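Let's take a friendly walk through this structure together. Keep the viewer open and follow along as we go.

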Amino acid sequence: MNATKIIWSNDFRTIIRDRTAAGLLLVPLIFLVILRFGIPVLQRQWPELSAYTTVLLALFCVIAGMFPAFVMASIMIDERDQGLVSAFKVLPLSAARFLWSRVAMATVLGLLYSLLLVLGAGVGSYGLIRALMLSMLCAAGGVAALLAAVSIARNKIECLTTFKALFVLAAMGATGALGSFEGWNRVPAVLPTYWVFAAFDATDSSGFVATAALAALLYALVIAIVFRLFRRNLF
């Protein structure tokens, strides 16, 4: 645990030195201000927007859950480009310890950001347990995105491009809250975020549990697949 704290401390210093990366970690706080103060203003101008506030909350949470993953992926790709992954293998700590500490950091930050938005945005009424489960799903999206980006991208530019594509792909799951599961709306149901959006929109406990369980199952499947790619490409 002490080693993990040291790794996290060093990573925070690296992020703070990089103004772009540090700025990215503030974006979820901007999301919170938009949801808390911007949406009510817009609702007064366009009352029909009230029907979509849950979708907006889910969208911001899904994206916020992925932002720390983007920052950590950039750090890991930088280290790989500098040949530091090979150096990790001869240190007293295993390379896996370094890498999984970064994954854990992205997961914790993604969970905290999403939880902050769910509980602090003033959109909908979620109990602590439901808010925590929704935030865990959003953070799982960050883990999948981190493993996929580090596996696919060959440099930081490609990492940025990969995350842009993943942000769009994640947002496409919004149809899970916008339409019923029929016709062409079944196609995006292969995305875990489809069920995350549906879980945000669920009004009863059984519906919430079913959609959240489907989202968790799909995320587990995606993470298992990209993890194999991650190990092969990074180690």
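Start with Arg154, which counts as exposed because its relative accessibility is 63%, and the cut-off for exposed is over 50%. Please keep in mind that the model you are looking at is predicted. The side chain of Arg154 meets that of Glu158 in a salt bridge, with 2.8 Å from N to O. Glu158, at 25% relative accessibility, counts as partly exposed.

Another of them joins the side chains of Asp78 and Lys156, with an N to O distance of 3.6 Å. Here the two partners come from distant parts of the chain, since Asp78 sits in helix 3 (residues 53–81) and Lys156 in helix 7 (residues 156–171), 78 residues apart. Asp78 is partly exposed, with a relative accessible area of 28%, and Lys156 is also partly exposed, at 34%.

Now turn to Arg102 and Glu79. Their closest N and O atoms are 2.6 Å apart, and the two residues form a salt bridge. Arg102 lies in helix 5 (residues 95–120) and Glu79 in helix 3, so this contact ties together parts of the chain that are 23 residues apart in sequence. Are these two partners buried or exposed? Arg102 has a relative accessible area of 4% and is therefore buried. Glu79 counts as buried too, at 11% relative accessibility, because the limit for that class is under 20%.

In an unreviewed entry, UniProt lists residues 21–39, 51–77, 98–122, 128–153, 165–187 and 207–230 under "transmembrane region". How does the model look over two of these stretches? Over residues 51–77, the chain is 93% helix and 0% strand, and the C-alpha atoms at the ends are 41 Å apart. Residues 128–153 are 96% helix and 0% strand, with 37 Å between the end C-alpha atoms.

Leu26, Leu29 and Leu116 make one of about 250 Å². Leu26 is found in helix 2 (residues 19–45). With a relative accessibility of 47%, Leu26 counts as partly exposed, so it passes the patch requirement of over 30% relative accessible area.

Technical notes. Residues are numbered from 1 along each chain as its sequence is written. This is a predicted model: local features need pLDDT of at least 70, side-chain atom pairs count only at pLDDT 80 or more; totals for chains, interfaces and linings use all residues. Side-chain values use heavy atoms; hydrogens and water are left out. UniProt positions are given in the numbering used here, feature names are shortened, and annotations may be inferred rather than shown by experiment. Helices (H or I, at least four residues) and strands (E, at least two) are DSSP runs, numbered from the N terminus. Patches are made of residues with over 30% relative accessible area and no salt bridge: like charges are joined within 9 Å, nonpolar side chains (Val, Leu, Ile, Met, Phe, Trp, Tyr) within 5 Å. Accessible areas come from the Shrake-Rupley method with a 1.4 Å probe; for residues, only the protein chains shown count as cover. A salt bridge is a side-chain nitrogen of Lys or Arg within 4 Å of a carboxyl oxygen of Asp or Glu. Buried means under 20% relative accessible area, exposed over 50%, partly exposed in between (1.4 Å probe, protein chains only).
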